[in-house]
Amino acid sequence: MSWLKKNEVLVPTDFSDISFTALAPALEFVEDISHLHVIHVLLPLSAVDPGTIWKTVTSESRQNNAKSVLKNKLSELGYAGVQIQVAIGTPSHEIVDYAKDKGVELIVMPTHGHTGVKRVLMGSVAEQVVRLSPCPVLLLR
């Protein structure tokens, strides 16, 4: 399967078990684990969040904490050595922007299978990534 190899592959995660299942298929596409990128996107802090009001939580502290937890979780799963990014913003936009910046050739992500009203209310990050992505997106069910 060497003709399917990619230089850089991205796996977005929301810390759900299903999002981590995309790591194994994504690893099949890269020669070395260091070419596998994992991104988590935090929503911006609201001005009325208690941590913001009392100045106990900052964007940087949230990013550092999420990065640390993600690094530990990936090491626990046997994926030490992947490149980790924690961004703040709209998930689909941050994923696509990161893919463009890093020259990612493939994005591998699961769909959560929301349908009907729940999908309309929540939106679909996977659907938005497919629409905006500069590279192919492999969606896992």
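Which side chain does the side chain of Thr13 make a polar contact with? It is the side chain of Ser19, at 2.7 Å. A polar contact here is a pair of N or O atoms within 3.5 Å; within protein, one must be able to donate a hydrogen and the other to accept it, and residues adjacent in sequence count only if both atoms are side-chain atoms.

Before going on, a word on what you're looking at. This is a predicted model, where local features need pLDDT of at least 70, side-chain atom pairs count only at pLDDT 80 or more, and totals for chains, interfaces and linings use all residues. Residues are numbered from 1 along each chain as its sequence is written, and side-chain values use heavy atoms, with hydrogens and water left out.

Back to Thr13, then. You'll find Thr13 in the loop between β1 (9-12) and α1 (17-20); helices (H or I, at least four residues) and strands (E, at least two) are DSSP runs, numbered from the N terminus. Thr13 has a relative accessible area of 7%, so it is buried. That word means under 20% relative accessible area, while exposed means over 50% and partly exposed is in between (1.4 Å probe, protein chains only). The side chain of Thr13 also reaches the backbone nitrogen of Phe15, at 3.1 Å. Not counting residues up to four places away in sequence, Thr13 touches Ser19, Phe20, Val38, Ile39, His40, Val41 and Leu70, where contact means heavy atoms within 4.5 Å.

Phe15 deserves a look of its own. It sits in the loop between β1 and α1, and it has a positive phi of about 75 degrees although it is not a glycine. Most residues other than glycine have a negative phi. With a relative accessible area of 30%, Phe15 is partly exposed. Lys55 is another non-glycine residue with a positive phi, near 55 degrees. You'll find Lys55 in the loop between α3 (50-53) and α4 (59-76), and its relative accessible area of 72% is why Lys55 counts as exposed.

Now follow Phe15 across to helix α4. Ala66 is in that helix, and Phe15 is among its contacts, along with His40, Leu42 and Val86, once neighbours within four places in sequence are left aside. Ala66 is buried, at a relative accessible area of 8%.

Leu42 takes us to strand β2 (residues 36-42). Its relative accessibility is 12%, so Leu42 counts as buried. Leaving out residues up to four places away in sequence, Leu42 touches Arg62, Gln63, Ala66, Val86, Ala87, Ile88 and Gly89. Leu42 and Asp14 are 28 residues apart in sequence, and their C-alpha atoms are 8.9 Å apart in space.

What about the segment before β1? Lys6 is placed there, and it is partly exposed, with a relative accessible area of 25%. Lys6 is in contact with Phe29, Val30, Glu105 and Leu106, again leaving aside neighbours within four places in sequence. Between Lys6 and Phe29, the C-alpha atoms are 5.6 Å apart in space, although the two residues are 23 apart in sequence.

Last stop: a pair of helices. Two packed helices are described by the angle between their axes and the distance between the axes. The axes of helix α5 (residues 91-102) and helix α7 (residues 125-132) come within 9 Å and cross at roughly 40 degrees. Axes are lines fitted to C-alpha atoms, for helices over the stretch in contact, and angles run from 0 to 180 degrees between N-to-C directions.

On the α5 side, the contact is made by Pro91, Ser92, His93, Ile95 and Val96, and on the α7 side by Val125, Gln128, Val129 and Leu132. Zoom in on Ser92 of helix α5: at 1% relative accessibility, it counts as buried. Ser92 touches Val125, Gln128 and Val129, not counting residues up to four places away in sequence.
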